[in-house]
Amino acid sequence: MEKVLVIDFGGQYNQLVARRVRENNVYCEIYSYRTPIEEIRAMKPKGIILTGGPSSCYEEGAATCSPELFQLGIPVLGLCYGAQVMSLVLGGKVEKAPVREYGHTALTVDNGSPLFTGVPEETTCWMSHFDYISALAPGFRSIAHTAVTPVAAAENREENLYAIQFHPEVLHTPEGSKMLRNFVYQICGCSGDWRMDDFAERKIKEIREKVGDGKVLCALSGGVDSSVAAVLLSKAVGRQLTCVFVDHGLLRKNEGDEVEEVFGPDGSYDLNFIRVNAQDRYYGKLAGVEEPEKKRKIIGEEFIRVFEEEAKKIGAVDYLVQGTIYPDVVESGLGGESAVIKSHHNVGGLPDHVDFREIIEPLRDLFKDEVRKVGLALGIPEHLVFRQPFPGPGLGIRIIGEVTAEKVRIVQDADAIYREEIAKAAAEWKEQHDGKMPSWIPDQYFAALTNMRSVGVMGDERTYDYAIALRAVKTIDFMTAESAEIPFSVLQTVMNRIINEVRGVNRILYDLTSKPPGTIELE
Ligand code: XMP
(Lines give C-alpha, C1' and ligand atoms only; values in the text may rest on other atoms or scores of the structure.)
Protein backbone atom coordinates (compact mmCIF):
# COMPACT_ATOMS: atom_id res chain seq x y z
CA MET A 1 0.00 0.00 0.00
CA GLU A 2 1.30 3.45 -0.90
CA LYS A 3 2.14 5.68 2.03
CA VAL A 4 2.82 9.36 2.75
CA LEU A 5 4.79 10.33 5.87
CA VAL A 6 3.97 13.30 8.03
CA ILE A 7 7.10 14.44 9.83
CA ASP A 8 5.98 16.08 13.04
CA PHE A 9 7.74 19.16 14.38
CA GLY A 10 5.32 19.46 17.29
CA GLY A 11 2.65 21.55 15.60
CA GLN A 12 -0.89 21.44 16.94
CA TYR A 13 -2.30 20.37 13.58
CA ASN A 14 -0.09 17.31 12.99
CA GLN A 15 -2.96 14.81 13.13
CA LEU A 16 -5.11 17.04 11.01
CA VAL A 17 -2.53 16.97 8.23
CA ALA A 18 -2.57 13.17 8.28
CA ARG A 19 -6.36 13.07 8.29
CA ARG A 20 -6.60 15.39 5.30
CA VAL A 21 -4.23 13.15 3.38
CA ARG A 22 -6.25 10.07 4.28
CA GLU A 23 -9.47 11.79 3.27
CA ASN A 24 -7.91 11.72 -0.16
CA ASN A 25 -7.64 7.93 0.09
CA VAL A 26 -3.91 7.97 0.66
CA TYR A 27 -2.58 6.16 3.72
CA CYS A 28 -0.46 8.35 5.91
CA GLU A 29 1.52 7.99 9.14
CA ILE A 30 3.02 10.47 11.56
CA TYR A 31 6.65 10.28 12.68
CA SER A 32 8.73 12.53 14.88
CA TYR A 33 11.32 14.78 13.21
CA ARG A 34 13.87 12.76 15.20
CA THR A 35 13.20 9.65 13.11
CA PRO A 36 16.51 8.55 11.51
CA ILE A 37 16.77 9.17 7.79
CA GLU A 38 17.49 5.45 7.10
CA GLU A 39 14.15 4.53 8.65
CA ILE A 40 12.36 7.07 6.51
CA ARG A 41 14.09 5.81 3.40
CA ALA A 42 13.27 2.19 4.26
CA MET A 43 9.56 2.97 4.44
CA LYS A 44 9.66 4.03 0.79
CA PRO A 45 7.05 6.77 1.15
CA LYS A 46 5.48 8.30 -1.94
CA GLY A 47 5.76 11.72 -0.31
CA ILE A 48 6.77 13.53 2.87
CA ILE A 49 4.99 16.40 4.60
CA LEU A 50 6.71 18.49 7.26
CA THR A 51 4.31 19.94 9.82
CA GLY A 52 4.19 23.22 11.70
CA GLY A 53 5.90 23.62 15.05
CA PRO A 54 5.95 25.98 18.00
CA SER A 55 9.54 27.30 17.89
CA SER A 56 11.72 29.46 15.62
CA CYS A 57 13.78 27.24 13.37
CA TYR A 58 16.88 29.48 13.52
CA GLU A 59 17.14 29.24 17.31
CA GLU A 60 19.74 27.10 19.05
CA GLY A 61 18.40 23.58 19.61
CA ALA A 62 15.22 24.08 17.53
CA ALA A 63 13.70 21.03 15.85
CA THR A 64 15.26 20.46 12.46
CA CYS A 65 15.94 17.78 9.85
CA SER A 66 18.82 16.49 7.83
CA PRO A 67 19.44 17.99 4.35
CA GLU A 68 19.43 14.37 3.16
CA LEU A 69 15.67 14.33 3.64
CA PHE A 70 15.47 16.53 0.56
CA GLN A 71 17.81 14.34 -1.47
CA LEU A 72 15.89 11.08 -1.25
CA GLY A 73 14.18 11.73 -4.56
CA ILE A 74 10.87 11.77 -2.67
CA PRO A 75 8.61 14.84 -3.01
CA VAL A 76 8.54 16.97 0.16
CA LEU A 77 5.98 19.56 1.21
CA GLY A 78 6.80 21.81 4.17
CA LEU A 79 3.95 23.50 6.04
CA CYS A 80 4.50 26.63 8.15
CA TYR A 81 7.44 25.72 10.43
CA GLY A 82 8.12 22.83 8.04
CA ALA A 83 8.37 25.32 5.16
CA GLN A 84 10.80 27.43 7.16
CA VAL A 85 12.96 24.46 8.18
CA MET A 86 13.11 23.36 4.57
CA SER A 87 14.20 26.84 3.47
CA LEU A 88 16.80 27.21 6.20
CA VAL A 89 18.31 23.74 5.77
CA LEU A 90 18.58 24.25 2.01
CA GLY A 91 20.34 27.60 2.25
CA GLY A 92 17.53 30.17 2.45
CA LYS A 93 16.91 32.66 5.24
CA VAL A 94 14.25 32.73 7.96
CA GLU A 95 13.79 35.74 10.22
CA LYS A 96 11.33 37.32 12.60
CA ALA A 97 8.63 38.87 10.42
CA PRO A 98 8.19 42.66 10.60
CA VAL A 99 4.46 42.03 10.97
CA ARG A 100 2.98 38.97 12.62
CA GLU A 101 0.31 37.35 10.45
CA TYR A 102 -2.54 35.53 12.17
CA GLY A 103 -5.95 34.40 11.00
CA HIS A 104 -7.83 34.64 7.68
CA THR A 105 -5.52 36.27 5.15
CA ALA A 106 -6.00 37.21 1.48
CA LEU A 107 -3.67 35.13 -0.70
CA THR A 108 -2.54 35.47 -4.32
CA VAL A 109 -1.27 32.24 -5.90
CA ASP A 110 0.52 31.41 -9.11
CA ASN A 111 -1.75 28.69 -10.35
CA GLY A 112 0.85 27.61 -12.87
CA SER A 113 2.37 25.58 -10.01
CA PRO A 114 1.16 21.96 -9.82
CA LEU A 115 0.49 22.60 -6.12
CA PHE A 116 -2.19 25.12 -7.02
CA THR A 117 -3.90 23.46 -9.98
CA GLY A 118 -7.57 24.38 -9.86
CA VAL A 119 -7.04 26.98 -7.12
CA PRO A 120 -8.30 30.48 -7.97
CA GLU A 121 -5.58 33.13 -8.21
CA GLU A 122 -7.17 35.14 -5.41
CA THR A 123 -8.20 33.13 -2.38
CA THR A 124 -7.82 33.14 1.40
CA CYS A 125 -5.67 31.14 3.76
CA TRP A 126 -5.13 30.61 7.49
CA MET A 127 -1.87 32.16 8.67
CA SER A 128 -0.23 31.77 12.05
CA HIS A 129 3.42 32.78 12.15
CA PHE A 130 5.94 35.13 13.76
CA ASP A 131 8.78 34.23 11.40
CA TYR A 132 8.93 34.38 7.62
CA ILE A 133 11.09 33.18 4.77
CA SER A 134 13.09 36.32 4.00
CA ALA A 135 15.31 34.76 1.33
CA LEU A 136 14.54 31.72 -0.79
CA ALA A 137 16.86 28.73 -0.88
CA PRO A 138 18.72 28.29 -4.19
CA GLY A 139 16.55 26.72 -6.89
CA PHE A 140 13.27 27.88 -5.29
CA ARG A 141 10.81 30.49 -6.55
CA SER A 142 7.90 32.11 -4.77
CA ILE A 143 4.49 30.85 -5.96
CA ALA A 144 2.18 32.72 -3.59
CA HIS A 145 2.20 35.92 -1.56
CA THR A 146 0.05 37.95 0.81
CA ALA A 147 0.11 41.69 1.54
CA VAL A 148 2.95 41.27 4.04
CA THR A 149 4.52 37.90 3.19
CA PRO A 150 6.42 37.75 -0.09
CA VAL A 151 6.90 33.96 0.20
CA ALA A 152 3.56 32.50 1.23
CA ALA A 153 4.51 29.44 -0.83
CA ALA A 154 7.55 28.35 -2.83
CA GLU A 155 8.61 25.54 -5.11
CA ASN A 156 11.69 23.89 -6.51
CA ARG A 157 9.87 21.97 -9.17
CA GLU A 158 12.93 20.14 -10.50
CA GLU A 159 13.59 18.63 -7.07
CA ASN A 160 9.89 18.20 -6.20
CA LEU A 161 10.19 20.36 -3.10
CA TYR A 162 7.31 22.59 -2.02
CA ALA A 163 6.85 24.96 0.91
CA ILE A 164 3.67 26.58 2.21
CA GLN A 165 3.79 29.24 4.93
CA PHE A 166 0.07 29.00 5.79
CA HIS A 167 -2.00 26.01 6.98
CA PRO A 168 -3.74 24.18 4.13
CA GLU A 169 -4.85 21.45 6.57
CA VAL A 170 -7.34 23.63 8.47
CA LEU A 171 -10.81 24.29 7.15
CA HIS A 172 -10.17 28.05 7.37
CA THR A 173 -8.08 27.65 4.20
CA PRO A 174 -10.94 26.88 1.82
CA GLU A 175 -8.69 25.63 -1.01
CA GLY A 176 -6.30 23.85 1.35
CA SER A 177 -7.73 20.41 0.80
CA LYS A 178 -7.26 20.83 -2.96
CA MET A 179 -3.62 21.85 -2.42
CA LEU A 180 -2.91 18.72 -0.35
CA ARG A 181 -4.72 16.66 -2.94
CA ASN A 182 -2.58 18.19 -5.67
CA PHE A 183 0.51 17.33 -3.67
CA VAL A 184 -0.33 13.68 -3.10
CA TYR A 185 -1.78 12.97 -6.55
CA GLN A 186 -0.02 15.27 -9.01
CA ILE A 187 3.33 15.67 -7.32
CA CYS A 188 3.75 12.38 -5.42
CA GLY A 189 1.85 10.35 -8.02
CA CYS A 190 -0.32 8.50 -5.51
CA SER A 191 -3.24 6.49 -6.87
CA GLY A 192 -5.44 6.58 -3.74
CA ASP A 193 -5.59 2.94 -2.64
CA TRP A 194 -6.69 3.56 0.99
CA ARG A 195 -10.41 2.83 1.21
CA MET A 196 -12.54 2.17 4.24
CA ASP A 197 -14.97 -0.17 2.49
CA ASP A 198 -12.31 -2.83 2.02
CA PHE A 199 -10.71 -2.20 5.40
CA ALA A 200 -13.35 -4.17 7.32
CA GLU A 201 -13.18 -7.11 4.96
CA ARG A 202 -9.38 -7.14 4.95
CA LYS A 203 -9.23 -6.88 8.73
CA ILE A 204 -11.76 -9.65 9.35
CA LYS A 205 -9.77 -11.99 7.12
CA GLU A 206 -6.52 -11.00 8.82
CA ILE A 207 -7.98 -11.55 12.31
CA ARG A 208 -9.44 -14.93 11.34
CA GLU A 209 -6.05 -16.10 10.10
CA LYS A 210 -4.26 -14.81 13.17
CA VAL A 211 -6.68 -16.08 15.82
CA GLY A 212 -7.37 -19.49 14.31
CA ASP A 213 -9.41 -21.36 16.89
CA GLY A 214 -8.08 -19.25 19.79
CA LYS A 215 -10.18 -17.61 22.48
CA VAL A 216 -10.59 -13.84 22.52
CA LEU A 217 -11.61 -11.47 25.31
CA CYS A 218 -12.79 -7.91 24.82
CA ALA A 219 -13.72 -5.16 27.27
CA LEU A 220 -16.69 -3.47 25.70
CA SER A 221 -17.61 0.03 26.81
CA GLY A 222 -20.30 0.81 24.28
CA GLY A 223 -18.13 3.58 22.85
CA VAL A 224 -17.53 3.59 19.13
CA ASP A 225 -13.96 2.24 19.26
CA SER A 226 -14.59 -0.80 21.41
CA SER A 227 -17.90 -1.46 19.62
CA VAL A 228 -16.31 -1.48 16.18
CA ALA A 229 -13.41 -3.60 17.46
CA ALA A 230 -15.86 -6.08 18.99
CA VAL A 231 -17.94 -6.36 15.83
CA LEU A 232 -14.84 -6.93 13.69
CA LEU A 233 -13.82 -9.73 16.05
CA SER A 234 -17.31 -11.18 16.18
CA LYS A 235 -17.49 -11.27 12.37
CA ALA A 236 -14.07 -12.91 12.27
CA VAL A 237 -14.33 -15.54 15.00
CA GLY A 238 -17.94 -15.52 16.29
CA ARG A 239 -18.37 -17.20 19.66
CA GLN A 240 -14.66 -17.59 20.26
CA LEU A 241 -15.10 -13.97 21.37
CA THR A 242 -16.38 -12.97 24.80
CA CYS A 243 -17.22 -9.33 25.47
CA VAL A 244 -17.32 -8.09 29.04
CA PHE A 245 -19.33 -4.95 29.56
CA VAL A 246 -18.82 -3.34 32.96
CA ASP A 247 -21.70 -1.09 33.95
CA HIS A 248 -20.04 1.10 36.55
CA GLY A 249 -23.17 3.12 37.18
CA LEU A 250 -21.51 6.19 35.72
CA LEU A 251 -22.93 5.84 32.24
CA ARG A 252 -25.43 8.16 30.63
CA LYS A 253 -29.14 7.56 31.12
CA ASN A 254 -30.24 4.13 29.79
CA GLU A 255 -26.85 3.59 28.19
CA GLY A 256 -26.21 0.25 29.84
CA ASP A 257 -29.45 -1.16 28.47
CA GLU A 258 -28.77 0.28 25.03
CA VAL A 259 -25.40 -1.47 24.88
CA GLU A 260 -27.02 -4.73 25.99
CA GLU A 261 -29.72 -4.38 23.34
CA VAL A 262 -27.12 -4.25 20.59
CA PHE A 263 -24.54 -6.73 21.88
CA GLY A 264 -26.53 -8.88 24.31
CA PRO A 265 -28.23 -12.22 23.65
CA ASP A 266 -31.12 -10.55 21.80
CA GLY A 267 -28.78 -8.32 19.81
CA SER A 268 -27.42 -8.65 16.31
CA TYR A 269 -24.02 -10.20 16.82
CA ASP A 270 -22.60 -13.62 17.27
CA LEU A 271 -20.54 -13.39 20.48
CA ASN A 272 -20.67 -14.17 24.20
CA PHE A 273 -21.82 -11.11 26.11
CA ILE A 274 -21.34 -10.63 29.84
CA ARG A 275 -22.81 -7.59 31.55
CA VAL A 276 -21.47 -6.88 34.99
CA ASN A 277 -23.68 -4.64 37.06
CA ALA A 278 -21.06 -3.11 39.30
CA GLN A 279 -22.93 0.09 40.16
CA ASP A 280 -23.13 -0.43 43.92
CA ARG A 281 -19.57 -1.58 44.12
CA TYR A 282 -18.44 1.65 42.44
CA TYR A 283 -20.64 3.91 44.54
CA GLY A 284 -19.24 2.18 47.62
CA LYS A 285 -15.65 2.80 46.54
CA LEU A 286 -16.39 6.41 45.64
CA ALA A 287 -18.24 7.27 48.86
CA GLY A 288 -16.62 10.22 50.58
CA VAL A 289 -14.00 10.74 47.83
CA GLU A 290 -13.89 14.31 46.54
CA GLU A 291 -10.53 14.73 44.90
CA PRO A 292 -10.77 14.42 41.07
CA GLU A 293 -7.56 12.49 40.49
CA LYS A 294 -8.40 10.08 43.28
CA LYS A 295 -11.83 9.49 41.75
CA ARG A 296 -10.34 8.85 38.32
CA LYS A 297 -7.87 6.42 39.82
CA ILE A 298 -10.52 4.51 41.74
CA ILE A 299 -12.79 4.25 38.72
CA GLY A 300 -9.93 3.06 36.49
CA GLU A 301 -8.57 0.55 38.97
CA GLU A 302 -11.96 -0.78 39.87
CA PHE A 303 -12.65 -1.37 36.21
CA ILE A 304 -9.54 -3.49 35.96
CA ARG A 305 -10.48 -5.45 39.10
CA VAL A 306 -14.02 -6.18 37.87
CA PHE A 307 -12.72 -7.12 34.46
CA GLU A 308 -10.09 -9.42 35.95
CA GLU A 309 -12.66 -11.18 38.10
CA GLU A 310 -14.79 -11.90 35.04
CA ALA A 311 -11.76 -12.98 33.05
CA LYS A 312 -10.82 -15.40 35.80
CA LYS A 313 -14.21 -17.09 35.45
CA ILE A 314 -13.57 -17.53 31.73
CA GLY A 315 -10.06 -18.87 32.24
CA ALA A 316 -7.05 -18.45 29.98
CA VAL A 317 -7.62 -16.73 26.67
CA ASP A 318 -5.32 -16.30 23.72
CA TYR A 319 -6.01 -12.71 22.79
CA LEU A 320 -7.16 -9.54 24.49
CA VAL A 321 -8.81 -6.92 22.26
CA GLN A 322 -8.05 -3.22 22.71
CA GLY A 323 -9.89 -0.45 20.90
CA THR A 324 -6.71 1.63 20.51
CA ILE A 325 -6.96 4.09 17.62
CA TYR A 326 -4.28 6.04 15.79
CA PRO A 327 -4.50 9.26 17.85
CA ASP A 328 -3.88 7.13 20.99
CA VAL A 329 -0.76 5.78 19.35
CA VAL A 330 0.44 9.26 18.36
CA GLU A 331 -0.47 10.82 21.69
CA SER A 332 1.28 8.18 23.70
CA GLY A 333 4.45 9.39 21.99
CA LEU A 334 4.86 6.41 19.66
CA GLY A 335 4.02 8.26 16.50
CA GLY A 336 4.70 11.94 16.29
CA GLU A 337 6.36 14.52 18.40
CA SER A 338 3.48 15.48 20.65
CA ALA A 339 3.59 13.22 23.67
CA VAL A 340 0.54 15.01 25.01
CA ILE A 341 -0.18 14.69 28.70
CA LYS A 342 -3.06 12.34 28.34
CA SER A 343 -2.12 9.45 30.55
CA HIS A 344 -5.18 10.15 32.64
CA HIS A 345 -7.32 9.46 29.62
CA ASN A 346 -6.62 5.77 29.73
CA VAL A 347 -9.24 4.05 31.73
CA GLY A 348 -6.58 2.46 33.87
CA GLY A 349 -4.07 0.62 31.77
CA LEU A 350 -3.89 -3.07 31.14
CA PRO A 351 -5.07 -5.70 33.60
CA ASP A 352 -2.18 -7.50 35.31
CA HIS A 353 -4.07 -10.63 36.19
CA VAL A 354 -5.72 -11.63 32.96
CA ASP A 355 -4.19 -14.66 31.39
CA PHE A 356 -3.67 -13.84 27.70
CA ARG A 357 -0.94 -14.33 25.14
CA GLU A 358 -1.22 -11.31 22.92
CA ILE A 359 -3.10 -8.08 22.38
CA ILE A 360 -5.10 -7.44 19.23
CA GLU A 361 -5.66 -3.82 18.24
CA PRO A 362 -7.64 -3.94 15.02
CA LEU A 363 -8.16 -0.15 14.84
CA ARG A 364 -4.63 0.92 15.63
CA ASP A 365 -4.09 2.58 12.26
CA LEU A 366 -7.38 4.45 12.07
CA PHE A 367 -8.55 7.93 12.91
CA LYS A 368 -11.90 8.36 14.62
CA ASP A 369 -13.77 9.31 11.45
CA GLU A 370 -12.33 6.23 9.75
CA VAL A 371 -13.44 4.05 12.67
CA ARG A 372 -16.93 5.46 12.18
CA LYS A 373 -16.86 4.64 8.48
CA VAL A 374 -15.85 1.07 9.30
CA GLY A 375 -18.64 0.94 11.91
CA LEU A 376 -21.21 1.98 9.32
CA ALA A 377 -19.80 -0.51 6.81
CA LEU A 378 -20.27 -3.21 9.47
CA GLY A 379 -23.90 -2.20 10.01
CA ILE A 380 -23.48 -0.96 13.60
CA PRO A 381 -26.44 1.29 14.60
CA GLU A 382 -25.86 4.97 13.90
CA HIS A 383 -26.53 6.05 17.49
CA LEU A 384 -23.49 4.02 18.52
CA VAL A 385 -21.33 4.97 15.57
CA PHE A 386 -21.92 8.69 16.02
CA ARG A 387 -21.90 8.71 19.79
CA GLN A 388 -20.08 11.75 21.09
CA PRO A 389 -16.90 11.19 23.05
CA PHE A 390 -17.54 9.95 26.55
CA PRO A 391 -14.70 9.74 29.06
CA GLY A 392 -13.71 6.41 30.60
CA PRO A 393 -14.47 7.64 34.14
CA GLY A 394 -17.90 8.64 32.85
CA LEU A 395 -20.20 10.74 34.96
CA GLY A 396 -17.70 10.32 37.79
CA ILE A 397 -15.84 13.36 36.42
CA ARG A 398 -19.04 15.25 35.57
CA ILE A 399 -20.11 15.31 39.19
CA ILE A 400 -17.88 17.71 41.06
CA GLY A 401 -16.86 16.32 44.43
CA GLU A 402 -18.33 13.20 45.97
CA VAL A 403 -20.27 10.83 43.71
CA THR A 404 -23.51 9.36 45.04
CA ALA A 405 -26.27 7.37 43.40
CA GLU A 406 -28.60 10.34 43.87
CA LYS A 407 -26.20 12.76 42.13
CA VAL A 408 -25.75 10.28 39.29
CA ARG A 409 -29.52 10.18 38.84
CA ILE A 410 -29.69 13.99 38.74
CA VAL A 411 -26.91 14.41 36.21
CA GLN A 412 -28.24 11.56 34.04
CA ASP A 413 -31.71 13.08 33.88
CA ALA A 414 -30.46 16.61 33.21
CA ASP A 415 -28.03 15.38 30.56
CA ALA A 416 -30.72 13.35 28.79
CA ILE A 417 -32.92 16.46 28.53
CA TYR A 418 -30.04 18.57 27.27
CA ARG A 419 -29.13 16.04 24.59
CA GLU A 420 -32.74 15.59 23.54
CA GLU A 421 -33.30 19.34 23.12
CA ILE A 422 -30.05 19.91 21.22
CA ALA A 423 -30.90 17.06 18.86
CA LYS A 424 -34.41 18.48 18.37
CA ALA A 425 -33.17 22.02 17.71
CA ALA A 426 -30.53 20.72 15.27
CA ALA A 427 -33.12 18.67 13.39
CA GLU A 428 -35.47 21.68 13.13
CA TRP A 429 -32.66 23.88 11.90
CA LYS A 430 -31.68 21.32 9.28
CA GLU A 431 -35.20 21.15 8.01
CA GLN A 432 -35.34 24.92 7.63
CA HIS A 433 -31.89 25.19 6.01
CA ASP A 434 -31.81 22.64 3.20
CA GLY A 435 -30.41 19.88 5.34
CA LYS A 436 -27.39 21.92 6.50
CA MET A 437 -26.16 21.49 10.06
CA PRO A 438 -26.22 24.67 12.19
CA SER A 439 -22.80 26.21 12.79
CA TRP A 440 -23.38 26.14 16.54
CA ILE A 441 -23.72 22.39 16.69
CA PRO A 442 -21.24 21.36 19.38
CA ASP A 443 -18.61 18.66 18.97
CA GLN A 444 -19.22 17.62 22.54
CA TYR A 445 -21.88 18.63 25.03
CA PHE A 446 -23.18 17.40 28.33
CA ALA A 447 -24.63 18.40 31.65
CA ALA A 448 -22.49 18.33 34.77
CA LEU A 449 -23.43 18.59 38.40
CA THR A 450 -21.69 21.37 40.24
CA ASN A 451 -21.32 20.58 43.88
CA MET A 452 -22.90 23.92 44.67
CA ARG A 453 -26.32 24.27 46.21
CA SER A 454 -28.10 27.57 46.21
CA VAL A 455 -31.34 29.06 47.36
CA GLY A 456 -34.29 29.29 45.02
CA VAL A 457 -38.02 29.56 45.12
CA MET A 458 -40.47 27.16 43.53
CA GLY A 459 -44.20 27.78 43.89
CA ASP A 460 -44.31 29.33 47.32
CA GLU A 461 -41.54 27.22 48.69
CA ARG A 462 -37.93 28.02 49.35
CA THR A 463 -35.59 25.49 47.74
CA TYR A 464 -31.96 24.70 48.48
CA ASP A 465 -30.82 22.55 45.59
CA TYR A 466 -28.00 21.80 43.18
CA ALA A 467 -26.86 23.85 40.21
CA ILE A 468 -26.37 22.07 36.90
CA ALA A 469 -23.70 23.34 34.50
CA LEU A 470 -24.35 22.93 30.79
CA ARG A 471 -21.19 22.47 28.73
CA ALA A 472 -20.99 22.59 24.93
CA VAL A 473 -17.82 23.03 22.93
CA LYS A 474 -16.64 23.43 19.36
CA THR A 475 -13.33 21.75 18.77
CA ILE A 476 -11.29 20.09 16.08
CA ASP A 477 -8.97 17.92 18.09
CA PHE A 478 -10.27 18.20 21.68
CA MET A 479 -6.92 19.73 22.66
CA THR A 480 -8.28 23.24 22.36
CA ALA A 481 -11.95 24.20 22.37
CA GLU A 482 -14.32 27.16 22.37
CA SER A 483 -17.70 27.19 24.02
CA ALA A 484 -20.43 26.69 21.42
CA GLU A 485 -22.95 29.44 20.75
CA ILE A 486 -26.08 27.44 21.46
CA PRO A 487 -29.10 29.65 20.66
CA PHE A 488 -30.42 31.29 23.79
CA SER A 489 -33.92 29.97 23.15
CA VAL A 490 -32.61 26.40 23.17
CA LEU A 491 -30.78 26.99 26.43
CA GLN A 492 -33.95 28.45 27.91
CA THR A 493 -35.98 25.41 26.91
CA VAL A 494 -33.35 23.13 28.44
CA MET A 495 -33.31 25.24 31.61
CA ASN A 496 -37.09 25.12 31.95
CA ARG A 497 -37.27 21.41 31.39
CA ILE A 498 -34.46 20.51 33.78
CA ILE A 499 -35.85 22.71 36.55
CA ASN A 500 -39.33 21.25 36.07
CA GLU A 501 -38.44 17.64 35.47
CA VAL A 502 -35.33 16.92 37.51
CA ARG A 503 -35.83 16.78 41.23
CA GLY A 504 -32.99 18.30 43.23
CA VAL A 505 -32.00 21.04 40.75
CA ASN A 506 -32.99 24.68 41.03
CA ARG A 507 -30.35 26.51 38.99
CA ILE A 508 -28.80 26.12 35.53
CA LEU A 509 -25.50 27.68 34.50
CA TYR A 510 -23.90 27.75 31.04
CA ASP A 511 -20.16 27.12 31.03
CA LEU A 512 -18.54 29.68 28.72
CA THR A 513 -14.93 28.69 29.37
CA SER A 514 -12.69 27.86 26.44
CA LYS A 515 -9.87 25.30 26.62
CA PRO A 516 -7.35 26.45 27.66
CA PRO A 517 -7.73 27.64 30.38
CA GLY A 518 -10.61 25.26 31.15
CA THR A 519 -10.65 21.60 30.20
CA ILE A 520 -13.68 20.17 28.45
CA GLU A 521 -14.64 17.97 31.36
CA LEU A 522 -15.11 19.69 34.70
CA GLU A 523 -12.73 17.42 36.57
P1 XMP B 1 -10.43 17.39 28.70
O2 XMP B 1 -11.35 17.39 29.86
O3 XMP B 1 -9.06 16.85 29.00
O4 XMP B 1 -11.08 16.41 27.64
O5 XMP B 1 -10.36 18.74 28.03
C6 XMP B 1 -10.66 16.25 26.32
C7 XMP B 1 -11.44 15.11 25.72
O8 XMP B 1 -11.07 13.88 26.35
C9 XMP B 1 -12.18 13.30 27.02
N10 XMP B 1 -11.68 12.81 28.31
C11 XMP B 1 -11.44 11.53 28.57
N12 XMP B 1 -11.59 10.42 27.83
N13 XMP B 1 -10.83 9.09 29.63
C14 XMP B 1 -11.30 9.20 28.36
O15 XMP B 1 -11.47 8.17 27.71
C16 XMP B 1 -10.63 10.17 30.44
O17 XMP B 1 -10.20 10.04 31.58
C18 XMP B 1 -10.97 11.44 29.88
N19 XMP B 1 -10.91 12.71 30.37
C20 XMP B 1 -11.36 13.53 29.40
C21 XMP B 1 -13.20 14.41 27.16
O22 XMP B 1 -14.53 13.88 27.22
C23 XMP B 1 -12.95 15.22 25.92
O24 XMP B 1 -13.57 14.65 24.80
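This report covers helix packing, salt bridges and the surroundings of one tyrosine in a predicted model.

## Helix H6 and its two neighbours

Two packed helices are described by the angle between their axes and the distance between the axes. Helix H5 spans residues 196–211 and helix H6 spans residues 224–237. Their axes lie 8 Å apart and form an angle of about 60°, which makes H5 oblique to H6. The crossing of H5 past H6 is right-handed. On the H5 side, the contact is made by Ala200, Lys203, Ile204, Ile207, Arg208 and Val211. Their counterparts in H6 are Leu232, Leu233, Lys235, Ala236 and Val237. Sorted by class, the residues of this contact are eight nonpolar and three charged, with no polar ones.

H6 also packs on helix H11, which covers residues 368–377. Here the angle is about 45° and the axes are 10 Å apart, so H6 is oblique to H11. This crossing is left-handed. H6 contributes Val224, Asp225 and Val228, while H11 contributes Lys368, Val371, Arg372, Val374 and Gly375. The contact of H6 with H11 holds four nonpolar residues, one polar residue and three charged residues.

Side chains of opposite charge can pair when their charged atoms come close. In the whole structure, 38 salt bridges are found. One of the pairs is Arg141 with Asp110, at an N to O distance of 2.9 Å. The two residues are 31 positions apart and belong to distant parts of the chain. Arg141 is in strand E7, residues 141–145. Asp110 sits in the loop between strand E5 (93–109) and strand E6 (122–135).

Both partners have intermediate accessibility values. Arg141 has a relative accessibility of 34% and is therefore classed as partly exposed. Asp110, at 29%, is also partly exposed.

Helix H13 runs over residues 405–432. The spacing of Glu406 and Arg409 is three residues, about one turn of the helix. Glu406 is partly exposed, because its relative accessibility is 39%.

Lys424, with a relative accessible area of 45%, is partly exposed. Glu421 has a relative accessibility of 7% and so counts as buried. Through salt bridges with shared partners, Glu421 and Lys424 belong to one network that also takes in Glu420, Arg497 and Glu501.

Tyr283 lies in helix H8, which covers residues 279–286. Its relative accessible area is 18%, so Tyr283 counts as buried; the cut-off for that class is under 20%.

Leaving aside residues up to four places away in sequence, Tyr283 touches His248, Gly249, Leu250, Ala405 and Val408. A separate value relates Tyr283 to Gly396, which is 113 residues away along the chain. The C-alpha atoms of Tyr283 and Gly396 are separated by 9.8 Å.

Note on methods. Residues numbered from 1 in each chain as written. Predicted model: local features only at pLDDT ≥ 70, side-chain atom pairs only at ≥ 80, totals over all residues. Heavy atoms only, no water. Axes fitted to C-alpha atoms, helices over the stretch in contact; angles between N-to-C directions. Helix = DSSP H or I, 4+ residues; strand = E, 2+ residues; numbered from the N terminus. Parallel < 35°, antiparallel > 145°, perpendicular 65-115°, else oblique. Left-handed = near helix turned anticlockwise from the far one by under 90°. Contact = heavy atoms within 4.5 Å. Nonpolar A, V, L, I, M, F, W, Y, C, P; charged D, E, K, R; others polar. Salt bridge = Lys/Arg side-chain N within 4 Å of Asp/Glu carboxyl O. Buried < 20%, exposed > 50% of the residue type's maximum accessible area, 1.4 Å probe, protein only.
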